[in-house]
Amino acid sequence: MTTPLIVTALPQEFAHEPIPHDVPVVFTGLGKLNAALALFEAIERHRPSVVINFGTAGRIDRTATGLVEIADVLQHDMMAEPLALRGQTPFDDTPHILKSGFDGVRCATGDSFVTSVDPWLLTQNVHVVDMELFALALVCHRRGIDWRSFKYITDDTDDSAAADWQDKVHHGRDLFLAKLDELL
């Protein structure tokens, strides 16, 4: 039997309403460091066999809409050239692209709110961007825990991204809960 743990950055993504499932929910705060620290603590407390991430994302690929599942994730803000190629952590054997094991889109994570399309993201076939998933997937990878991620598309990574995100941050809740019903 699987023991799931739901992880998301902010309570606003759930519109301040309780989750109608008997599954613990952890709110990490924004960014990779907050996400990693909160997940490490939650793993010790809840001992999950699978981490299910729900959150919001900006889209790079205009065909990504609604709620999307993430197939794999990389870091767009790891820039340590010439020690390693962009997206790769120098002197670390961890894969630079972490795979969920499920079909879906590619996400790039970074500690910045993306408001324009970086050409590097296009060369990496990135569909969506967020601020936490790579850290969550890395913790799961290191702890040997399966992970899945579902992102609700809130914005087009343009000049309107921040306002669009604020308007739509809670719009994916019902879609995620329907998906959760299928999974649990």
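Two strands pair here if DSSP finds at least two bridges between them, and the strands themselves (E, at least two residues), like the helices (H or I, at least four), are DSSP runs numbered from the N terminus. With that in hand, let's start at β1: β1 and β2 pair in the parallel sense over three bridges. Before going on, please keep in mind that this is a predicted model, in which local features need pLDDT of at least 70 and side-chain atom pairs count only at pLDDT 80 or more, while totals for chains, interfaces and linings use all residues. Residues are numbered from 1 along each chain as its sequence is written, and side-chain values use heavy atoms, with hydrogens and water left out.

Five of the five residues of β1 are buried, where buried means under 20% relative accessible area, with a 1.4 Å probe and protein chains only. Pro4, Ile6 and Thr8 point one way from the strand, Leu5 and Val7 point the other way, and all are buried.

Ile52 counts as buried because its relative accessibility is 4%. Contact means heavy atoms within 4.5 Å. Leaving aside neighbours within four places in sequence, Ile52 is in contact with Pro4, Leu5, Ile6 and Val7, among others, and also with Arg148, Phe150, Phe176, Leu180 and Leu183. Phe150 lies 98 residues from Ile52 along the chain, yet their C-alpha atoms are separated by 7.8 Å.

Next comes helix α1, residues 32-46. This helix has 15 residues and reaches 20 Å from its first C-alpha to its last, close to the 21 Å expected at 1.5 Å a residue; the expected span is 1.5 Å times one less than the number of residues. Its buried residues are Lys32, Ala35, Ala36, Ala38, Leu39, Ala42 and Ile43. An α-helix has 3.6 residues a turn, so residues three or four places apart point the same way. The cover over the buried residues of α1 includes β1, β2, β3, β4 (67-75), β6 (105-109) and α3 (133-143). Just after α1, Arg47 takes a positive phi of about 50°.

A pocket is an open set of points on a 1 Å grid over the protein atoms alone, with protein on both sides within 12 Å along at least five of seven lines; in a cavity, a 1.4 Å probe fits but cannot get out, and lining residues have an atom within 4 Å of a point. Grid points are joined across faces, edges and corners, and a volume is the space filled by probe spheres set on the points.

About 220 Å³ of space lies in the largest pocket. Of its 17 lining residues, Thr56, Phe113, Asp130, Met131 and Trp165 lie nearest the centre. β3 gives the most to this lining, with three residues.

The search of the whole structure finds one cavity of 30 Å³ or more. Residues lining the largest cavity include Thr8, Asn53, Phe54, Gly55 and Lys151, and β3 again gives the most, with three residues.

Methods
Buried means under 20% relative accessible area, exposed over 50%, partly exposed in between (1.4 Å probe, protein chains only).
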